[in-house]
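This briefing goes with the sequence and the 3D structure shown below. Look through both before reading on.

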Amino acid sequence: MRHVGRLGDYLSEKRDPLLALGRAIDFASAMAGDWGDEKVASRMNGLKQDVASLDDYEVHLSDKVQFLLDAMVGLIGISQNDIFKILTIVSIVGIPPTLIAGIYGMNFKTMPEYDWASGYPYGLAKIAFSAIIPLVGSSGGVGSKYRDLSPW
């Protein structure tokens, strides 16, 4: 992307002298009529046409460079969108287990699971299922909609 940007800078650097040359030729062409030499006037017209064609070509190249820059920015935007989709899936999968672990980590005395013999495995199973359910989901759920974006 830097290379394309440098090409755009290079073209803009070349455009300024080209425009100055075109103005100088216009001025000299206007003065050529006072000199009365038909040969000089025809050469000035030829130079004018050459500068105009170079200017048109420079505009064409600048448009190409701008198109490449726009395309590159678009591709970067698309890849960033894909990354944010994956991060959204990770957050949807990660928030419920974190919530459940946070609740069980508060150590309330009135939680009946603490007195059960299998209370700890029950809590771990609850955390695991809360992470799996969003991935499996229904047909309209996160798991089915973005399954092709999953890095696993």
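Which residues does Leu18 touch, not counting residues up to four places away in sequence? Leu18 touches Val51, Leu54 and Asp55. The model is predicted, and the points below are grouped by topic.

**Overall make-up**

- The secondary structure of the chain comes to 4 helices and 0 strands.
- Along the sequence, the pattern reads α-α-α-α.
- The chain has 152 residues, and 18% of them count as buried.
- Its accessible surface is about 11,400 Å², with 65% belonging to carbon and sulfur atoms.
- Among contacts in the chain with a separation of 6 or more, 62% are between residues 24 or more positions apart.

**The nonpolar core**

- Leu18, Ile25, Ala28, Met44 and Val51 form the largest nonpolar core, which has 5 residues.
- Helix H1 (2-35) and helix H2 (38-104) are the elements that give two or more residues to this core.
- H1 gives the most to the core, with 3 residues.
- In soluble globular proteins, nonpolar side chains tend to be buried together.
- Val40 is found in helix H2 and is partly exposed, with a relative accessible area of 25%.

**Salt bridges**

- The count of salt bridges comes to 3.
- Side chains of opposite charge can pair when their charged atoms come close.
- Arg15 and Asp55 meet through their side chains in a salt bridge at 3.0 Å, N to O.
- This pair links distant parts of the chain, with Arg15 in helix H1 and Asp55 in helix H2, 40 residues apart.
- Arg15 also meets Glu58 in a salt bridge between side chains, at 2.6 Å, N to O.
- Here Arg15 in helix H1 and Glu58 in helix H2 are 43 residues apart, and again the pair links distant parts of the chain.
- The side chains of Lys48 and Asp26 form a salt bridge at 3.9 Å, N to O.
- Lys48 lies in helix H2 and Asp26 in helix H1, 22 residues apart.
- Lys48 counts as partly exposed at 33% relative accessibility, and Asp26 counts as partly exposed at 41%.

- Arg15 has 28% relative accessibility, so Arg15 counts as partly exposed.
- Asp55 has a relative accessible area of 18%, so Asp55 is buried.
- Glu58 counts as buried because its relative accessibility is 7%, which is under 20%.
- Leaving aside neighbours within four places in sequence, Asp55 is in contact with Arg15, Leu18 and Leu19.

**Helix H3**

- Ser130 has its place in helix H3 (residues 119-136).
- With a relative accessible area of 13%, Ser130 is buried.
- The side chain of Ser130 reaches the backbone oxygen of Ile127 at 2.7 Å.
- Not counting residues up to four places away in sequence, Ser130 touches Val93, Pro96, Pro97 and Ile100.
- Ile133 also lies in helix H3, but Ile133 counts as exposed because its relative accessibility is 55%, which is over 50%.
- Ile133 forms a nonpolar patch on the surface with Phe129, Ile132, Leu135 and Val136, and together they have about 490 Å² of accessible area.

Note on methods:
Residues numbered from 1 in each chain as written. Predicted model: local features only at pLDDT ≥ 70, side-chain atom pairs only at ≥ 80, totals over all residues. Heavy atoms only, no water. Buried < 20%, exposed > 50% of the residue type's maximum accessible area, 1.4 Å probe, protein only. Polar contact = N/O pair within 3.5 Å; in protein donor to acceptor, adjacent residues only side chain to side chain. Contact = heavy atoms within 4.5 Å. Patch = residues over 30% accessible without salt bridge, like charges linked within 9 Å, V, L, I, M, F, W, Y side chains within 5 Å. Areas by Shrake-Rupley, 256 points an atom, 1.4 Å probe, with all protein chains shown as cover. Salt bridge = Lys/Arg side-chain N within 4 Å of Asp/Glu carboxyl O. Core = buried A, V, L, I, M, F, W, Y, C linked by side-chain atoms within 4.5 Å.
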